[in-house]
Structures are given as structure tokens and as C-alpha cells.
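Trainee: I'd like to learn how to read a structure like this one. Could we go through it together, one feature at a time?

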Amino acid sequence: MAHGPVAVMRQLPAWGAAALVAALTLGTLLAVALRAEVGRGLSPGDWAAIRFTVLQAVASAVLSVALAVPVARALARRSFRGRGLLVMALGAPFILPVIVAVLGLLAVFGRGGLVNAGLAQIGVAPVSIYGAGGVVLAHVFFNLPLAVRLLLQGWLAIPAERFRLAAQLNAPVWRLLEVPMLARTVPGALLVVFLICLTSFAVALTLGGGPRATTVELAIWQAVRFDFDLGRAALLACVQFALCAVAALVAWRVTPVDGFGSGLDRVVARWDQRPADWLWLAGVALFLSLPLGMVLWRGVPGLLAMPGDIWVAAGWSLGVATGSTVLCLTLALTLALRGGWMASVLGVLPLAASALVMGTGLFVMLRPFANPTALALPVALVVNAVTALPFALRVLTPAVADIRASYGQMAALLGLRGAALLRVVILPRLRRPLGFAAGLTAALSIGDLGVIALFASDTVETLPLAMSRLMGAYRMDAAAGAGVLLLALAMGAFWICDRGGRMDADV
């Protein structure tokens with residue numbers, strides 16, 4: 001009689017986490033769909049926003065992956081001192097606050113930036129970073145490193161014996177080995193970058209915004225904040241969810257299949273190196289480091305120009321990030337322990353439901369009962385936790401599966417189950433992935449400028465929103481100082497959590 005209730009009780013946490021995630025993704029979508037006016041069509045401006053959203057996502061994905069191919073190839077066939085550091089640095093833009101990166105890009109490509117200063121010296125007309133070109137440039141900055149990492153894994157998956165055999169036969173490596181590998185990995189990389197660019201909000205807010213450079217998410221924000229047209233916002237949110245759902249489904253179905261077999265894990269000694277490899281590596285290093293260096297160069301003196309309320313905003317950002325991290329890790333660990341279809345499905349749903357669509361749904365749901373702006377921080381906390389959930393699950397689920405495969409039978413023989421199994425066996429061996437997932441969630445939450453821009457009032461704001469308002473007021477010195485502070489908080493939070501997970505972790 002006892003086995004039934006115990007089994008049910010063990011399933012309750014996972015089902016509770018699943019219900020919360022489903023409510024914040026599918027539930028908010030339902031609220032948005034019910035609020036959308038029946039029979040109301042999309043205006044020409046709405047169709048223009050949809051077209052621009054898709055076109056800029058396509059252009060960003062194609063450029064990011066096209067540039068990533070020669071960079072990843074150079075990394076795959078070159079061995080040099082600092083290579084590991086460069087590969088590790090390619091992950092930095094993923095946790096870099098978007099608004100900080102935009103400020104750095106403005107310092108390089110803006111009206112008073114380095115590029116236009118150089119063009120003025122040779123008598124060439126200045127270029128503008130605002131509009132479609134700036135949006136695509138920023139997306140390439142963020143997604144080029146991700147595409148390089150994805151494609152580099154494809155090169156490293158080719159057994160070294162294949163290259164040695166090609167060398168002995170004097171066979172063309174590019175046509176026989178690398179092109180088939182790219183045919184399997186490039187579609188997946190394109191779809192991942194396309195999906196990320198579909199839900200980009202902060203980039204379009206700061207560099208787009210004109211009639212010809214408005215994304216669907218930016219149109220939703222404008223409909224709520226300026227026009228207070230909830231019906232139009234709801235209709236656009238449904239369109240946004242449909243676009244993301246189709247892209248997520250295609251990205252999930254397109255998975256690379258190994259076509260080379262396994263090797264002996266030997267190091268590849270490439271003989272077909274080219275001098276152009278160094279140009280590609282130097283170019284991507286300069287492209288990624290120069291905007292960040294300009295933020296530090298201009299921002300450190302700007303720390304003294306920051307208004308006092310910036311520190312209050314920084315405190316709110318840290319509080320929201322702490323709550324988001326705790327909630328995200330709780331949900332991710334609960335679902336990873338459950339495993340199976342539940343973890344797989346709930347790991348995809350937040351990718352389809354963007355943060356602004358969830359925020360719009362919560363705005364519609366809360367408005368009859370409370371002032372949504374008064375709940376800006378709790379809503380941002382919850383939405384940030386759910387949007388980071390797919391990344392935390394991607395880290396924790398394989399680790400939990402490995403622990404169960406290695407120690408499951410021994411734990412069963414010792415009678416360890418439930419809380420004792422979690423405390424004695426699982427959690428000590430999850431310290432490293434838990435620390436990494438916590439750092440990733442905290443950094444993403446600290447730098448988020450999404451749902452908080454929809455809900456926040458003039459009295460309560462996070463650091464990215466305060467920095468965005470300083471940039472809108474052309475207080476660039478103060479904004480640069482806030483950018484340095486935001487960068488330090490995001491990177492510091494990631495380092496502390498990741499380091500804490502690895503400290504004294506001998507398992």
C-alpha cells in the first residue's frame with residue numbers, strides 16, 4: 001500500500017515545475033490569444049515588422065554562419081599558444097549584456113566612433129549604424145562566436161585517421177571530408193542563430209526602431225507602452241509565437257548525424273594550413289574585442305559621471321538575478337531528475353515563447369487585478385528564470401543521466417532513494433554543472449532588457465533599463481560608466497557561481 005503514494009509524491013515536484021513552465025509559456029499565449037480581437041487583421045505596418053523580423057534574422061544567420069566557416073576551419077587546423085583561451089573567449093558574447101555590447105558597437109561604428117573618424121580622415125562620408133544594417137551587425141557580433149563553436153565541434157568530430165588517409169592518397173580534404181560535415185552541421189547552426197535573432201529585442205530597441213527597422217517584439221512593446229493597444233499587442237504576440245514555434249520545431253528536427261564513424265581520438269595534424277588562417281583568426285579577435293575594449297576605455301572615466309540612482313538600479317538587478325537563478329535551478333534540477341519527455345518538451349517551450357510574449361500575456365492577465373507596473377520586478381524575475389531554463393536543462397540533464405548510469409545500481413543496493421539519494425549521490429556530483437548553470441542564468445538575468453522594459457515605471461528600474469534611458473538622453477559618458485558596472489556585475493556573477501561550483505569539487 002505504501003508504494004503507490006510514495007511514487008506519486010516523488011512525481012509531484014516535477015509535475016509542479018512542468019505546470020509552472022506550461023502556465024508561463026502556453027498559458028500566457030492563451031491569454032494573449034483570447035485578448036486578440038477576432039476579425040482584426042494586421043496593418044501594413046505590422047506586415048512590415050513581420051517582414052523585417054524574418055529578413056533580418058535570415059541575413060544575420062547567413063552572415064554569422066558564412067563568416068564562422070573559415071574561422072572554425074582555421075581553429076581546427078591550427079595549433080598555437082593561446083588557442084584554448086581564444087576558443088573560451090568565443091563564449092563570452094553569449095553572457096555579455098546586450099546593451100553593453102551595443103554601447104561598444106556604437107563606440108566603434110557610431111557617428112563619433114572609430115570607423116567614422118577614420119573615414120573622415122580620408123574624406124569619405126560617414127556611415128550610420130542605425131537601421132537594418134546596425135541590427136544585423138549587432139546580431140553577427142553576438143552569434144558569430146556561437147556559430148564558430150557549433151561548426152568547430154563538427155570539425156573536431158572528424159576522426160584524425162580520415163585526414164591521415166586523405167594525406168596519404170593526396171585526396172582533396174575540403175571536398176571529401178569538410179563539405180559533407182558542413183552539409184550536416186550548417187543547417188542546424190543556421191536555424192539556431194535564426195531563432196535567436198527572431199526574439200532579439202534590445203538590439204532592435206537601441207539600433208532599430210524606425211518604420212523600416214521595427215521587429216515584431218519591438219512593435220509589441222510600442223503597442224503596449226505608447227499606444228496601449230492590447231488587442232494589437234496580443235495579435236502580434238500570437239504571430240511572434242508562431243514564428244518562434246516553427247523555427248524551434250525545425251531546429252529540433254534538424255540534428256546532425258555522424259557520417260564518419262569513430263576514430264582513435266588522435267590529435268589531427270593538418271598539412272593543408274594556409275596563411276589566410278591567421279587573418280581570419282586576427283579579424284574575429286579584433287571584431288569581438290574592440291567594442292568591449294572601447295566600453296572599458298570610455299566607461300571607466302564615466303563611472304564618476306553616473307547619477308546616484310544607478311546604484312539603486314544595480315541593486316534591483318542583483319536582486320532579480322538572485323531570485324531568477326534560484327527559481328531556474330530549482331525548476332531545472334526538478335525536471336532533470338524527472339528526465340524523459342517532460343524535460344525534452346519543456347526545454348523547447350521557452351524558446352518558442354519569447355520573453356516579450358510571456359510578458360505581454362502576464363500584462364493582460366494581471367491588469368484586471370493589479371497594476372502591472374507595480375509587479376515589474378517579480379514578473380521580470382519569473383520570466384528571466386523561464387527563459388534561461390532551456391540552457392540550464394541542457395547542462396544538467398546529461399549530467400544527471402551520467403550519474404544515474406554510474407551510481408544508480410550501487411545506490412539501489414545501499415537502499416538510497418529520495419532525499420538521501422539526492423543529498424549523498426547526486427548533488428555532490430552536480431556541483432560543477434550546477435555552478436555553471438547558475439552563473440549562466442545570473443549573467444543573462446543581470447543583462448536582460450526585455451520584459452522589464454514592458455512593465456517598468458519611472459520609479460523602479462534595473463541597470464540595463466537605466467543604461468538604456470541614459471543612452472536615449474544622450475548622456476553617453478554616464479551610460480558608458482553604467483556599462484562598465486553592468487559588465488562587471490554580469491561577468492562577476494558568472495565567475496563567482498562557476499568558480500563556486502568547481503571549488504573543492506573532486507567528483
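Predicted model: local features only at pLDDT ≥ 70, side-chain atom pairs only at ≥ 80, totals over all residues.

Trainee: Which residue other than glycine has a positive phi?

Mentor: Look at Tyr474, with phi near 60°. Tyr474 sits in the loop between α22 (463–472) and α23 (476–502).

Trainee: Is Tyr474 buried or exposed?

Mentor: Residues over 50% relative accessible area count as exposed. Tyr474 has 67%, so it is exposed.

Trainee: Let's step back to the whole chain. How many helices and strands does it have?

Mentor: The protein chain has 23 helices and 0 strands. Of its 507 residues, 49% count as buried. The accessible surface comes to about 23,600 Å², and 68% of that belongs to carbon and sulfur atoms.

Trainee: What share of the contacts join residues at least 24 apart?

Mentor: Among contacts between residues at least 6 apart in sequence, the share is 84%.

Trainee: Where is the kink in α18 centred?

Mentor: In α18, which covers residues 376–413, a kink of about 55° is centred on Tyr407.

Trainee: And α17, how far does it reach from its first C-alpha to its last?

Mentor: Helix α17 runs over residues 355–366 and reaches 16 Å, close to the 16 Å expected for its 12 residues.

Trainee: Why is α17 described as largely enclosed by the rest of the structure?

Mentor: Because 10 of its 12 residues are buried. Among the buried residues of α17 are Leu356, Val357, Met358, Leu362 and Phe363.

Trainee: How do I read charged pairs?

Mentor: Side chains of opposite charge can pair when their charged atoms come close. Here the structure holds 2 salt bridges.

Trainee: Which residue pairs with Arg232, and how far apart are the closest N and O atoms?

Mentor: The partner of Arg232 is Asp46, with the closest N and O atoms 2.8 Å apart. This pair links distant parts of the chain: Arg232 is in α12 (residues 230–253) and Asp46 is in α2 (residues 44–77), 186 residues apart. The cut-off for buried is under 20% relative accessible area. Arg232, at 18%, therefore counts as buried, and Asp46 is buried at 2%.

Trainee: What about the salt bridge of Arg469?

Mentor: Arg469 pairs with Glu461, and their closest N and O atoms are 2.6 Å apart. Arg469 is partly exposed at 30% relative accessible area, while Glu461 counts as buried at 12%.

Trainee: Now for packing. Which residues are in contact with Ala332, leaving aside its neighbours within four places in sequence?

Mentor: Ala332 is in contact with Leu389, Ala392, Leu393 and Leu396. Ala332 itself lies in helix α14 (residues 309–338) and is buried, with a relative accessible area of 0%. Its C-alpha is 8.2 Å from that of Pro390, although Ala332 and Pro390 are 58 residues apart in sequence.

Trainee: Could you show me another example, in helix α22?

Mentor: Take Leu465, which is in α22 and buried, with a relative accessible area of 7%. Not counting residues up to four places away in sequence, Leu465 touches Leu449, Ile452, Ala453 and Ala456.

Trainee: Last topic, the surface. Which residues form a nonpolar patch there?

Mentor: Trp15, Trp341 and Val345 form the patch, with about 340 Å² of accessible area together. Trp341 lies in helix α15 (residues 340–346) and, at 51% relative accessibility, counts as exposed.

How values were computed: Residues numbered from 1 in each chain as written. Heavy atoms only, no water. Patch = residues over 30% accessible without salt bridge, like charges linked within 9 Å, V, L, I, M, F, W, Y side chains within 5 Å. Areas by Shrake-Rupley, 256 points an atom, 1.4 Å probe, with all protein chains shown as cover. Salt bridge = Lys/Arg side-chain N within 4 Å of Asp/Glu carboxyl O. Helix = DSSP H or I, 4+ residues; strand = E, 2+ residues; numbered from the N terminus. Buried < 20%, exposed > 50% of the residue type's maximum accessible area, 1.4 Å probe, protein only. Bend = angle between axes of the 7 residues up to and from the residue. Expected span 1.5 Å × (residues − 1). Contact = heavy atoms within 4.5 Å.
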